[in-house]
Amino acid sequence: MLGYIWQYVYTSFLRYWLKWFIRQATGTCELQRICSGNKPGATRTSKAEYSLRSSKNKVLRGALEASKDQLEKCADQIMKEKNVKPQKDPLFKESLHICLLQITGNSSLYVSVENMRKEVFSSENHEHEAMLLKLWDLLMPTVKLDSRITKQWGDIGFQGDDPKTDFRGMGLLGLINLVFFSENYTEEARQVLSHANHPKLGYSYAIVGINLTEMAYSLLKSGELKPHFYNTVPGTPELRQFHQLYCYLAYEFDKFWVAEEPESIMQFNQYREKFHTIVKTNLQDPDVNLTLSACSKK
């Protein structure tokens, strides 16, 4: 209770006067001090985001909702509001612009991912079908499908004879992630599949992959992926970066599963949560970088 009271008093009263005092003493605003005192990445951008979101100035708060093509103008408006002279701080505008690109880009990325998740896989859609068949060819290049609906799909970890039923939770996003991993990290994806088909330590490759897509999606939605994207994308994160993050999860979960040697696939949820906790702990590191170390083909 005392913590909440202190937080309220600080954000409502003390923070304003503390900022005012430091401004008078240093001649620089809080955003200037953040941009000049921190290297590019999660620490700088997170502090800038907090500063903008906590501001009582509509111009500063409004920059968080601006579109990408408005951000340079927003940076100019913020400099005007804060009386920042370009000749005295020539690096500030560029640094602020990058922070704004990262902050607003994270929000727009979530919208794009959410739209992809909501798109239902349709066997009547030729592009969807082509993507599904491409997944098979990438993972099983020497084996031909007997037919579109077949028990063979179980060889790459789908539950039934028709994989379309397995995409209900994550929609097309689950399939796109599986294909992206298989296409850009083919050797690694096939290695993971071989582990998934192990007679003792095996698991359902495709189903687990869709489950890990849900993990990536939930981390993006909660904002917990921000430090990773702020550290790895010097601008607006795109869908490709989200798919890359999925590749990291798929590869690292496989390593984790094999190392843990679960007694049964029935313990999947237990180990999945343990892995989830490890990922969230890593994301609390201001220098976090959840990038698959293997070289992508693109």
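The predicted model holds one cavity of 30 Å³ or more, a cavity being, on a 1 Å grid over the protein atoms alone, a set of points where a 1.4 Å probe fits but cannot get out. About 60 Å³ of space lies in the largest cavity, where a volume is the space filled by probe spheres set on the points, and grid points are joined across faces, edges and corners. Its lining residues, those with an atom within 4 Å of a point, are Phe 181, Val 192, Tyr 203, Tyr 205, Val 208, Gly 209, Leu 212, Tyr 246, Ala 250 and Phe 253. Two or more residues of this lining are given by each of helix H10 (205-222) and helix H12 (239-260), and the largest share, four residues, comes from H10. Helices here are DSSP runs (H or I, at least four residues), numbered from the N terminus. By class, the lining has nine nonpolar, one polar and no charged residues; Ala, Val, Leu, Ile, Met, Phe, Trp, Tyr, Cys and Pro count as nonpolar, Asp, Glu, Lys and Arg as charged, and the others, Gly among them, as polar.

Residues are numbered from 1 along each chain as its sequence is written. Because this is a predicted model, local features need pLDDT of at least 70 and side-chain atom pairs count only at pLDDT 80 or more, while totals for chains, interfaces and linings use all residues, and side-chain values use heavy atoms, with hydrogens and water left out.

Two packed helices are described by the angle between their axes and the distance between the axes. The axes are lines fitted to C-alpha atoms, for helices over the stretch in contact, and the angles run from 0 to 180 degrees between N-to-C directions.

| Helix pair | Axes come within | Crossing angle |
|---|---|---|
| H6 and H12 | 9 Å | roughly 70° |
| H12 and H13 | 11 Å | roughly 125° |
| H10 and H13 | 12 Å | roughly 35° |

H6 (residues 92-118) and H12 are therefore roughly perpendicular to each other, a term for angles of 65 to 115 degrees. In their contact, which means heavy atoms within 4.5 Å, Leu 109, Ser 112, Val 113 and Met 116 of H6 meet Leu 239, Phe 242 and His 243 of H12, and these residues divide into five nonpolar, two polar and no charged.

H12 and H13 (residues 268-282) are therefore oblique to each other, oblique being the rest once angles under 35 degrees (roughly parallel), over 145 (roughly antiparallel) and 65 to 115 are set aside. Their contact includes Phe 253 and Trp 257 of H12 and Tyr 271 and Phe 275 of H13, and its residues divide into 10 nonpolar, one polar and four charged.

The contact of H10 with H13 is made by residues including Val 208 and Leu 212 of H10 and Phe 268 and Phe 275 of H13, and by class this contact has seven nonpolar, three polar and three charged residues.

Conventions: On a 1 Å grid over the protein atoms alone, a cavity is a set of points where a 1.4 Å probe fits but cannot get out, and a pocket is an open set with protein on both sides within 12 Å along at least five of seven lines; lining residues have an atom within 4 Å of a point.
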